[in-house]
Amino acid sequence: MRDAYSGETVAAAYSERVAEYVDVCGTLESVHPDDRALISAWARTLTGPVVDAGCGPGHWTRLLASLGVDVEGVDLSETFVDHARRQSPEIGFRVGDIASLGVDDRSLGGVLSWYSTIHHTPDRIAEPLAEFARALRPGGTLLLGFFEWSELEPFDHAVVTAYRWPVERLCAVVEAADFDVIESLTRHEPDTRSHGAMVARRR
């Protein structure tokens, strides 16, 4: 199990398993209804452009667009981006690193980072969070999805090593990046990894 984060390694690992990923969890039909409800409710609070940071095959980007959000999807994997463009050519998708979004300072109303920081090691997760803070206007919000656990620890994710976090510890890291956490949620169900989500407002 590798502990050092490498964007190139993550992009290559996902690119090799795009078809499998899309089949298992890359469509709106495959997502948990609570997640769809949360992201939909968050979308209705947004004002201004939004980036789906680590958009994967683009299913959440499509949901946001269907709700009238001015959204762009960004992902490390060119294969994912190509898939997303084929599925939704009317939406903007591009290859990029979530730690370097390529947008102006304070230009965004929202950032969706749904399980896109899970492969960042604890000493590197501050990098995308700092980028989200740079890109968001004051009052803009970040919606973060992650694996939740009682201890901070790596585990053998199906694609490449990932991390699960105690909610309180990840909230502290997010708040240190110039956010105020306004809501956090967890979900524990049999035979699935524990889920966490939080909404944080840019100071």
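In what follows, a residue is called buried when its relative accessible area is under 20%, exposed when that area is over 50%, and partly exposed in between, with a 1.4 Å probe and protein chains only. Helices (H or I, at least four residues) and strands (E, at least two) are DSSP runs, numbered from the N terminus.

The model is predicted, so local features need pLDDT of at least 70 and side-chain atom pairs count only at pLDDT 80 or more, while totals for chains, interfaces and linings use all residues. Residues are numbered from 1 along each chain as its sequence is written, and side-chain values use heavy atoms, with hydrogens and water left out.

I begin with strand β2, residues 71–75. Of its 5 residues, 4 are buried. Two strands are taken to pair if DSSP finds at least two bridges between them. Strand β1 (residues 50–53) runs parallel to β2 and is joined to it by 4 bridges, with V50 opposite V71. Right-handed here means that, with the strands pointing away from the viewer, the path from the first strand over the helix to the second runs clockwise.

β2 also pairs with strand β3 (residues 92–95), again in the parallel sense and over 4 bridges. Here E72 stands opposite G92. Together with helix α5 (residues 78–87), β2 and β3 make a right-handed β-α-β unit.

Next, the salt bridges, each defined as a side-chain nitrogen of Lys or Arg within 4 Å of a carboxyl oxygen of Asp or Glu. The whole structure contains 10 of them. One joins R94 to E72, with the closest N and O atoms 2.8 Å apart. This pair connects strand β3 to strand β2 across 22 residues of chain. R94 is partly exposed at 21% relative accessibility, and E72 is partly exposed at 25%.

Finally, which residues of helix α7 (residues 167–176) are buried? They are V167, L170, C171 and V174. Because they cover an arc of only 105° around the axis, they lie on the same side of α7; the arc is that of the directions from the helix axis to the C-beta atoms. E168 and A176, on the other side, are exposed. Just after α7, D178 takes a positive phi of about 80°. D178 also belongs to a network of salt bridges with D180, R202 and R203.
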